[in-house]
Amino acid sequence: MKGKGAPWQLTALAATLLLALALRLAPWGTNRFLEDEALYSYWGLQIASGADPMLDEEPVDKPPLHPYTLALSFLLSGQARASGVESGMGPGHESAARLPSLLASMASIVLVYVLALQLHGDEGTGLLAALLLALSPFDILFASTAFTDPLMVALALGALVAVTGKRPGLAGLLAGLAAATKQQGLFFLPLIIGMGLLAASRDRAETRAYSGRGAAVRTWIRRSWGQRWLRFALAFALVVVGVLWWDLARLQRPGFLEQGSISYGGLAPAQSGSLGQRGAQWLSLVGAFWVSPWFNALLIAVLAVWLGGRLAGWWEGWRRTDVALGVFCFAFLALHWLVGFQVWDRYLLGLVPLLALLGARALTALSGAIRGAPWRRVYVLGLVAVLAGTLGAPVLAAARSELPIGGDHGAYDGIDDLATYMRTKAPEGSVLYHYWLGYHYRFYLYGAPVRLHWYPDLEDLVRDAEIYRREPRYIAFPGWKDSEPAVAALREAGIALSPVYQTTRRDGSLSFALYRMDGP
């Protein structure tokens with residue numbers, strides 16, 4: 001159905017957003033942070049509390065927008081103050097760190113709807129795309145994390161909406177902010193520019209009716225779009241200059257780009273022998289966008305019929321903007337397959353809204369081929385029934401945090417309780433030794449009067465424990481790590497381990513065991 005802002009359609013969009021919000025809030029407090037989430041949140045606390053506003057003491061491997069966004073969230077929610085000994089890093093701090101991802105996920109649903117309107121003038125496609133994104137377990141679970149990716153994706157979608165809406169200055173600004181959130185935001189730049197070029201060509205096509213003034217109109221269009229691309233470039237460059245200024249102004253070296261390469265271990269073409277396994281893993285992650293094999297099969301079949309019907313001339317098929325989106329999705333996935341990127345689910349979050357839009361386009365195109373309003377109603381009702389039947393179980397599983405997507409799902413259960421014990425029970429000035437849990441301790445023990453010591457090897461652990469023998473000393477072992485080498489090394493040095501506290505996961509298994517170090 002054509003048109004803009006019909007009351008029932010706005011009501012349907014509002015209902016979709018309310019459903020999306022409920023699904024994204026459902027797993028809100030279920031999980032603790034993974035390593036990177038804890039690290040990013042610690043950066044945000046350092047900025048918000050004023051302890052290190054430029055992150056001069058941190059080897060930062062990401063551009064600055066995300067940690068400063070987290071800092072703003074901590075400030076606005078009243079969680080910026082370094083926690084006292086009694087309070088600790090409670091649910092409020094985790095929620096404040098998750099809030100930008102939640103808002104970005106909700107914004108992405110609206111942006112997909114607006115993008116469909118601008119590309120096709122079809123609110124039916126926009127509503128369906130928004131619904132598909134709202135019901136994506138992949139997107140639901142990332143909305144309750146503190147990763148950089150949800151914010152980056154929302155900004156990239158915003159740039160697409162701006163460039164197709166002929167607002168190049170805003171598009172350049174948002175594209176720059178996406179890259180300022182995470183380096184991978186640059187991957188969306190070709191799509192943003194390509195959609196802008198297609199919008200320019202659409203302008204030229206619309207003016208062909210003015211044949212008597214063809215030369216003048218063409219000259220005006222060239223000048224107009226030249227000015228628009230200049231505004232795009234200047235706005236993008238403004239953000240880049242700001243990011244580079246921040247990076248150069250920091251005392252910590254190397255800069256975030258080089259540090260990112262160091263932290264990641266560099267990038268190179270994937271080894272040929274691993275391509276089969278990598279391809280299967282990446283495709284498995286794509287299948288997790290909506291999880292249901294039945295829905296995935298339906299989506300593939302509908303896209304194939306849509307493509308085939310266009311080639312056969314049966315109905316209005318894909319437009320150049322659809323081709324651009326499809327080519328980008330394929331190229332994005334191929335890049336991650338052929339280059340040695342880690343096979344991490346968050347890298348593909350940006351494809352979910354684009355595939356939701358393409359899927360909605362195919363489904364509405366098929367409805368346009370049905371003759372007669374009654375049969376179209378049957379089609380719509382059947383589609384609703386299929387979505388409910390195929391996506392109901394995965395969506396509920398995502399809301400209960402039962403799918404291995406996004407953040408932690410039980411491995412770090414109890415890390416907050418362990419931190420609370422150290423705050424309230426351990427004497428002030430105690431030493432807590434760690435090898436695996438440093439990022440978590442920095443966040444969950446933020447502001448606590450505890451000295452953290454990371455030991456790179458067992459020799460360092462024993463040596464430091466002997467030097468600080470007069471101070472209360474503690475060490476915790478995760479339940480999934482082998483603690484015997486550390487226990488044996490300390491025992492050989494005459495240091496006994498007395499169990500003082502332990503935590504369990506939601507399934508009842510041991511998550512962390514805390515020991516006090518006694519002697520020699």
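# Pocket, rings and helices

Analyst: Helix α11 provides six residues to the lining of the second largest pocket, the largest share. The model is predicted: local features need pLDDT of at least 70, side-chain atom pairs count only at pLDDT 80 or more, and totals for chains, interfaces and linings use all residues. Residues are numbered from 1 along each chain as its sequence is written, and side-chain values use heavy atoms, with hydrogens and water left out.

User: What makes a space a pocket?

Analyst: The search runs on a 1 Å grid over the protein atoms alone; a pocket is an open set of points with protein on both sides within 12 Å along at least five of seven lines, whereas in a cavity a 1.4 Å probe fits but cannot get out. Rolling a probe the size of a water molecule over the atoms shows where empty space is left.

User: How much space lies in the second largest pocket, and which residues are closest to its centre?

Analyst: About 710 Å³. That volume is the space filled by probe spheres set on the points. The lining has 31 residues, and D61, K62, G260, S263 and Y264 are the closest to the centre. A lining residue has an atom within 4 Å of a point.

User: Which helices each supply at least two lining residues, and what classes make up the lining?

Analyst: α2 (35–48), α11 (256–264) and α18 (438–444). Helices here are DSSP runs (H or I, at least four residues), and strands are E runs of at least two. By class, 14 residues are nonpolar, nine polar and eight charged. Gly counts as polar; Asp, Glu, Lys and Arg count as charged.

User: Why is the pair of Y435 and W454 called stacked?

Analyst: Ring centres must lie within 6.5 Å to pair; planes under 30 degrees apart are stacked, over 60 edge-to-face, the rest tilted. By this rule there are 30 aromatic pairs. Y435 and W454 have centres 6.2 Å apart and planes at 15°, so the pair is stacked. Y435 lies in the loop between β1 (430–434) and α18 and W454 in strand β2 (residues 450–454), so the pair ties together parts 19 residues apart in sequence.

User: Why is the pair of Y435 and Y455 called tilted?

Analyst: The centres are 5.7 Å apart and the planes at 35°, so the pair is tilted. Y455 sits in the loop between β2 and α19 (458–467), 20 residues from Y435.

User: What makes R451 count as lying over the face of Y468?

Analyst: NZ of Lys or CZ of Arg must be within 6 Å of the ring centre and within 35 degrees of the ring normal. R451 lies over the face of Y468, at 4.1 Å from the ring centre. R250 lies over the face of W246, at 5.0 Å.

User: Why is α8 called largely enclosed?

Analyst: 10 of its 14 residues are buried, so the rest of the structure largely encloses α8. Among them are P168, L174 and T181.

Note on methods. Rings of Phe, Tyr and Trp (its six-membered ring) pair if their centres lie within 6.5 Å; planes under 30 degrees apart count as stacked, over 60 as edge-to-face and the rest as tilted. Buried means under 20% relative accessible area, exposed over 50%, partly exposed in between (1.4 Å probe, protein chains only).
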